[in-house]
Each structure stands twice: as C-alpha cells, then as structure tokens.
Amino acid sequence: MTWIAPQVERTTQIGDLATVPERQMLEGWLNWHRETLLAKCAGLEPAQLARTTVEPSNLTLLGLVRHMAEVERSWFRRRFAGDGIGNVFADPGDGDEGIEGVHEVYAERDFQRFRAEVAACEAAAAGHDLDETFTSARGTTLSLRWLYVQMIQEYARRNGHADFLRERTDGKTGD
C-alpha cells in the first residue's frame, strides 16, 4: 500500500489565541502555521507531493515541507541554541535547502524528518525567555521573540505557495 500524507488534527485554533499570554500566542500561531503546511499536503500520494504544478517554479509541496524543516533547524537549533549540526537533508541527492532533490520515494521519510525537527526545535526554545538573545549569521543581536515572529512570517509565505500548489494538484482550497 502506498503511503499517503496523513490528515492533520488541529491542536491550535486561531480563536483560542485572542487573549492568551504573549508566549502562548506566538507558539500557538507558529504551531497553527506548521499544521497548515501539513494540512495542505494531507491525503496526497508521494507523486503528487513531489510534482511541480505552478510552472515555471520548481516548488513542490514536498519541497516546502523539506525546506521548512531546514529553516526550523537553521533558526532554532543552529542560531538560537548554537548547535553545530548539519542539514536535515544531507544525504546524497537530497539537494540544497530541501527544495531541490525532492523525490517521491522519500516522502514518508521527509515528513518524519520534518516532524522530528519541529519537536527538536520546540525543545530548543522551551524554558527560554522571549527576551533571551542570540547573534544572527550577520552579527545582529536578535531575541527569541523576534525568532518566533520570523518563523510565523516564513510559514505564512510558504503556506501561500502551498495554497497554489495544492489547488493546482487536485483543486482543493482552504486550510
């Protein structure tokens, strides 16, 4: 039986974030966007996830999942936590930043790596104050608060791409 991207059970409802404390709000919005990306993929077979549908772009839904795993690692674990770790997708043929080198035979593996990376990034940020700072690759001092906002906007951009890719794949719209 062919693996199919699983359905997503929402753990975060936007309406529940209206009056919560700042940390809970930022984590909630980030989680909602993470779930949205996975929801855009739900029910699709590996070949559909790996197919380009918005020419001339080479973006795919699977490529976006892989890319966001790399972005999560880069910001939360490398920059914020200071871990000296390599890329999530460093196997031969995995390509650059997760977007290139997408192959349908690795779809299930790639989704597992995404989920594992999100869990590792949540752990890297847990227990740290939003005002805690780190230095970016460009030498700028940034806070964990800034990082949450950065990741929310990064997912929002990629989820916009995912909207088009999914609609062109099977006509499905909405989150």
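The structure is a predicted model: local features need pLDDT of at least 70, side-chain atom pairs count only at pLDDT 80 or more, and totals for chains, interfaces and linings use all residues. Residues are numbered from 1 along each chain as its sequence is written, and side-chain values use heavy atoms, with hydrogens and water left out.

**Aromatic pairs**

Let us start with the rings. Rings of Phe, Tyr and Trp (for Trp, its six-membered ring) pair if their centres lie within 6.5 Å; planes under 30 degrees apart count as stacked, over 60 as edge-to-face and the rest as tilted. By this rule there are six aromatic pairs. Helices (H or I, at least four residues) and strands (E, at least two) are DSSP runs, numbered from the N terminus.

How exposed are these two rings? Buried means under 20% relative accessible area, exposed means over 50%, and partly exposed lies in between (1.4 Å probe, protein chains only). Trp29 is partly exposed, because its relative accessible area is 28%. Trp32 has 14%, so Trp32 is buried.

Trp75 and Phe134 make another edge-to-face pair, 6.4 Å centre to centre and with 75 degrees between the planes. This pair links distant parts of the chain, 59 residues apart: Trp75 is in helix α3 (residues 61–80) and Phe134 in strand β1 (residues 133–135). Trp75 is buried, because its relative accessible area is 12%. Phe134 is buried too, at 6% relative accessibility. Together with Phe80 and Trp146, Trp75 and Phe134 form one aromatic cluster.

**Charges over rings**

A charge sits over a ring if NZ of Lys or CZ of Arg is within 6 Å of the ring centre and within 35 degrees of the ring normal. Arg79 has its charged end over the ring of Trp75, 4.0 Å from the centre. Arg109 lies over the face of Tyr106, and here the distance to the ring centre is 4.3 Å.

Which way does α3 run relative to α5, parallel or antiparallel? The axes of α3 and helix α5 (residues 144–170) come within 10 Å and cross at roughly 175 degrees. Therefore α3 is roughly antiparallel to α5. Axes are lines fitted to C-alpha atoms, for helices over the stretch in contact, and angles run from 0 to 180 degrees between N-to-C directions. Angles under 35 degrees count as roughly parallel, over 145 as roughly antiparallel, 65 to 115 as roughly perpendicular and the rest as oblique.

**Buried residues and their contacts**

Contact means heavy atoms within 4.5 Å. The table leaves out residues up to four places away in sequence.

| Residue | Helix | Relative accessible area | Contacts |
|---|---|---|---|
| Asn159 | α5 | 5% | His33, Thr36 and Leu37 |
| Leu64 | α3 | 0% | Leu37, Leu59, Arg158, His161, Ala162 and Leu165 |
| Thr169 | α5 | 13% | Leu44, Gln48, Arg51, Thr53 and Leu61 |

Leu64 counts as buried because its relative accessibility is 0%. The C-alpha atoms of Leu64 and Ile99 are separated by 6.4 Å, although these residues are 35 apart along the chain.
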